Amino acid sequence: MTGTPLLKCAGVSKRFGGIRALDGVDLEVGEGEIIGLVGPNGSGKTTLLSCIAGSHSVSSGTIELAGHDIARSAPHRRAHAGIARTFQVPRPLGSFTVVENVAMSMMFGRDRVARTAALDRADLVLERVGLDAHRDRAVGVLTLHERKFLEIARALALDPRLILLDEVLGGLNPAEAAEGMSLIASLRDSGVAVVYIEHNVRAVASLADRMYVLDRGRNLAHGSPEAVLADPSVVAAYLGGEVDA
Ligand code: ADP
Ligand code: MG
């Protein structure tokens, strides 16, 4: 990677009381790159996304977006600067329809569009994730697959430069997961950089340009998917057995 990275985390630490969830983590994301972020349960992946998006403050370390320090900016300022995230457990606004959920995300997003314009643009985003036929349904009746894709749509509504995806394919059947993976690839093709956490390491490896592995809050390995999957310390972290664990 050359020049200023889109995102640069250096020495990021996060403590929760006595727990060191992150202990000096480094991560760089280039413009339009897909970064796969993996690691055993509890290794700090979600905490790192929360520190990048701003829902957690860092205990120490720096986070820069395109060279600007954002480590202490409020979450909405980071959203305006182009960072969007999804949550491991989808968080739609339950009493609204699918299209309203996306429109509301937009109205409070990067350029604060007005309601009518937001609804128009929401339809374009729903088409992009394949939920256009569901626009007027209440979110409460959606399947898990639809809720996960709505979560991606709400993040995309912010017109992000960087999208942080936390296990968006978890719990989906193979056909749905394949659909999700081509959606993620299409994000990169449209110029959005992606940090992509997924439990299935091989699914991550098949999409990612580069991967980072965390273990107990620290960097364990990073590099090309091939190099990372062949790294003995990575294999050992996954209980010395299948990397699919
Ligand atoms: P992962 O997403 O890799 O499974 P997490 O980032 O969720 O890991 O968690 C990393 C560690 O931090 C775990 O030990 C977890 O219990 C702890 N942790 C995460 N969030 C909190 C929190 N809000 N309060 C206290 N401990 C937390
Ligand atoms: Mg997690």
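The structure is a predicted model, in which local features need pLDDT of at least 70 and side-chain atom pairs count only at pLDDT 80 or more, while totals for chains, interfaces and linings use all residues. Residues are numbered from 1 along each chain as its sequence is written, chains are lettered from A and ligands numbered from 1 in the order in which they are written, and side-chain values use heavy atoms, with hydrogens and water left out.

I begin with the ligand. Its shell, meaning residues with a heavy atom within 4 Å, consists of Phe 16, Ala 21, Pro 40, Asn 41, Gly 42, Ser 43, Gly 44, Lys 45, Thr 46 and Thr 47. Helix H1, residues 45–53, gives the most to this shell, with 3 residues; helices here are DSSP runs of H or I, at least four residues, and strands are runs of E, at least two, numbered from the N terminus.

Let me turn to individual atom pairs. A polar side-chain atom of Thr 47 lies 2.5 Å from an oxygen atom of ligand 1. For a backbone N or O atom of Gly 44, the distance to a ligand oxygen is 3.0 Å, and for a polar backbone atom of Ser 43 it is 3.2 Å. Of the 570 Å² of accessible area (Shrake-Rupley method, 1.4 Å probe) that ligand 1 has on its own, the protein covers 61%.

Finally, Asp 159 sits in the loop between helix H5 (144–156) and strand S7 (162–166). Its C-alpha atom is separated by 13 Å from that of Gly 32, 127 residues apart along the chain.

Technical notes: A polar contact is a pair of N or O atoms within 3.5 Å; within protein, one must be able to donate a hydrogen and the other to accept it, and residues adjacent in sequence count only if both atoms are side-chain atoms.
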